[in-house]
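Please work through the following exercises with the sequence and the structure at hand, taking each solution one step at a time.

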Amino acid sequence: MFVRSAAIALTATGLSLGLAHSADADVLPVQNLQFNEFTGTFTAPKTLFTTAAPTDWTIGSTVGLNSNLIGVGNQGSETSFSGVYGVYNGTGFSNTVPPGTNFYQADGNPQYESTITQTITGLTAGTAYTLQFQQAAGQQNGFSGATTEQWLVFLGAGNIGTSCPSLPATDCTVTGTTDNIEMDSPIMDTPSEGNTDWNNVNLSFTPNAMDLTGGTAVLTFLAWGNGGSDINEPPTVFLEGVNTTPVGVPEPASLTLLGAGLLGFGAVKFRRRAKINTAV
């Protein structure tokens with residue numbers, strides 16, 4: 001019993017200390033995390049990115065940019081065609097971040113996509129920075145064929161774009177990657193006329209001196225569908241909740257309290273056992 005109680009106490013201590021350490025981890029200081037602040041005009045449920053102009057975010061330019069395929073929308077409006085095209089409902093989308101969070105929607109076809117960027121300041125070379133967000137995917141209603149989607153995420157000099165040698169093409173590539181760290185989200189496999197529900201992504205960046213300019217770097221999100229193929233089966237990618245905690249995932253402080261509670265439980269068990277032994 002003593003060994004068991006000690007094990008509980010040590011586990012709780014490790015949980016508490018470990019989570020306290022994670023709470024102190026450097027989080028990439030992204031602004032307007034939920035795409036709900038605008039310098040332009042946002043009309044629910046969806047608005048073109050260039051019209052809404054989310055604060056602190058800038059749209060890039062790539063091959064064949066079509067701003068009609070890039071937008072922001074209210075949580076839950078993934079399938080709506082009001083303002084920006086919608087995708088098949090498939091198995092449905094579930095809410096994974098607090099209500100009020102908007103999403104960014106982009107076509108992952110290299111011929112029609114664009115980057116969104118934000119300049120991040122106050123960074124230190126050699127320091128690890130965490131970045132958390134939620135992603136989802138879907139196929140534009142009216143098209144068919146299985147697709148794959150992911151976010152290519154860069155931190156550094158910026159200037160990220162795409163290049164397609166000829167059109168149609170199956171070997172489009174990313175350009176401007178020099179002095180940028182690239183971390184990619186997990187690939188989502190979306191069935192024909194379907195979607196991939198929201199899922200959580202955690203990335204880590206450790207910039208070096210070449211990636212930073214006076215402690216400043218550019219954070220870039222690039223929607224990437226079908227592995228660089230421009231076959232038009234619109235592989236639509238969604239992004240939301242940058243550096244926010246998904247619903248149902250306890251905050252680190254809450255988990256630390258859980259560890260402390262387990263520690264106390266182990267101590268109580270030990271004292272009760274010791275009292276019984278003394279009485280005997």
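**Exercise 1.** How many bridges join strand 1 to strand 3, and in which direction do these two strands run relative to each other?

*Solution.* The model is a predicted one, and the count here is three bridges between strand 1 and strand 3 (residues 71-74), the two strands running antiparallel. As a next step, look across the pair, where Leu48 stands opposite Gly71 in strand 3. Then widen the view to the open sheet of six strands, whose order is 1-3-4-14-6-12 with antiparallel pairing. Strand 1 (46-48) and strand 12 (195-205) are its edge strands, each of which pairs on one side only. Finally, neighbouring strands of this sheet are turned against each other by 25 degrees on average, direction ignored.

**Exercise 2.** Which cysteines form a disulfide, and are they buried or exposed?

*Solution.* The sulfur atoms of Cys164 and Cys172 are 2.1 Å apart, which falls within the 2.5 Å cut-off, so the pair forms a disulfide. The count comes to one disulfide. With 110 degrees about the S-S bond, this link is right-handed. Lastly, Cys164 and Cys172 are both buried.

Technical notes: Residues are numbered from 1 along each chain as its sequence is written. This is a predicted model: local features need pLDDT of at least 70, side-chain atom pairs count only at pLDDT 80 or more; totals for chains, interfaces and linings use all residues. Side-chain values use heavy atoms; hydrogens and water are left out. Two strands pair if DSSP finds at least two bridges between them. Helices (H or I, at least four residues) and strands (E, at least two) are DSSP runs, numbered from the N terminus. Axes are lines fitted to C-alpha atoms, for helices over the stretch in contact, and angles run from 0 to 180 degrees between N-to-C directions. Buried means under 20% relative accessible area, exposed over 50%, partly exposed in between (1.4 Å probe, protein chains only).
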